[in-house]
Amino acid sequence: MGYWATRVRVVGPLAAHAEGLRTVLAERGYAPSPAAGQLQLMAHPSRPGPFNSAELRTYILIHLVEDTAVTGMPPWAGVFLND
């Protein structure tokens with residue numbers, strides 16, 4: 001994985017999944033900059049804030065459904081995380 005993707009720091013409830021996403025992106029041949037962008041998408045809603053884990057999951061699912069409805073595919077089409 002490239003330099004930029006390794007510099008993205010994920011904290012909060014999604015931190016446990018960051019290394020798995022890095023691995024999946026590398027296996028699928030993502031270049032460093034797009035991989036870093038995907039990790040930043042993951043990191044943003046996971047930052048400490050007014051959400052607990054259940055609220056964060058709801059927030060992410062709502063935005064996923066909205067993005068999918070608009071574009072016809074989720075923003076990270078093809079990349080799946082195990083819960």
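The protein chain has a mean pLDDT of 75, and 67% of its residues reach 70 or more; pLDDT is the predictor's confidence in each residue, from 0 to 100. This is a predicted model, in which local features need pLDDT of at least 70, side-chain atom pairs count only at pLDDT 80 or more, and totals for chains, interfaces and linings use all residues. Residues are numbered from 1 along each chain as its sequence is written, and side-chain values use heavy atoms, with hydrogens and water left out.

**Overall layout**

Let's start with the fold. The chain contains four helices and zero strands, in the order α-α-α-α from the N terminus. Helices (H or I, at least four residues) and strands (E, at least two) are DSSP runs, numbered from the N terminus. Among these elements, α1 (residues 3-7) has the lowest mean pLDDT, 62, while α2 has the highest, 90. Of the contacts with a separation of 6 or more, 64% join residues 24 or more positions apart; contact means heavy atoms within 4.5 Å.

**How α2 meets α3**

Two packed helices are described by the angle between their axes and the distance between the axes. Here α2 and α3 pack at about 165°, with axes 10 Å apart. That makes α2 roughly antiparallel to α3, a label for angles over 145 degrees. The axes are lines fitted to C-alpha atoms, for helices over the stretch in contact, and angles run from 0 to 180 degrees between N-to-C directions. On the α2 side, Ala15, His17, Ala18, Leu21, Arg22 and Leu25 meet Ala35, Gln38, Leu39, Met42 and Ser46 of α3.

**The core**

Buried residues (under 20% relative accessible area, with exposed over 50% and partly exposed in between; 1.4 Å probe, protein chains only) make up 24% of the 83 residues. The largest nonpolar core has twelve residues: Val8, Val10, Leu14, Ala18, Leu21, Leu25, Ala35, Ala36, Leu39, Met42, Ala43 and Leu56. Both α2 (15-27) and α3 (32-46) supply at least two residues of this core, and the largest share, five residues, comes from α3. A nonpolar core is a set of buried Ala, Val, Leu, Ile, Met, Phe, Trp, Tyr and Cys residues joined through side-chain atoms within 4.5 Å.

**Two exposed residues**

Turning to the surface, Ala54 sits in helix α4 (residues 53-71) and is exposed, with a relative accessible area of 53%. Arg9 lies in the loop between α1 and α2 and is also exposed, at 69% relative accessibility. The table pairs each with a residue elsewhere in the sequence.

| Pair | Sequence separation | C-alpha to C-alpha distance |
|---|---|---|
| Ala54 and Pro13 | 41 residues | 9.7 Å |
| Arg9 and His44 | 35 residues | 9.9 Å |

Note on methods: Parallel < 35°, antiparallel > 145°, perpendicular 65-115°, else oblique.
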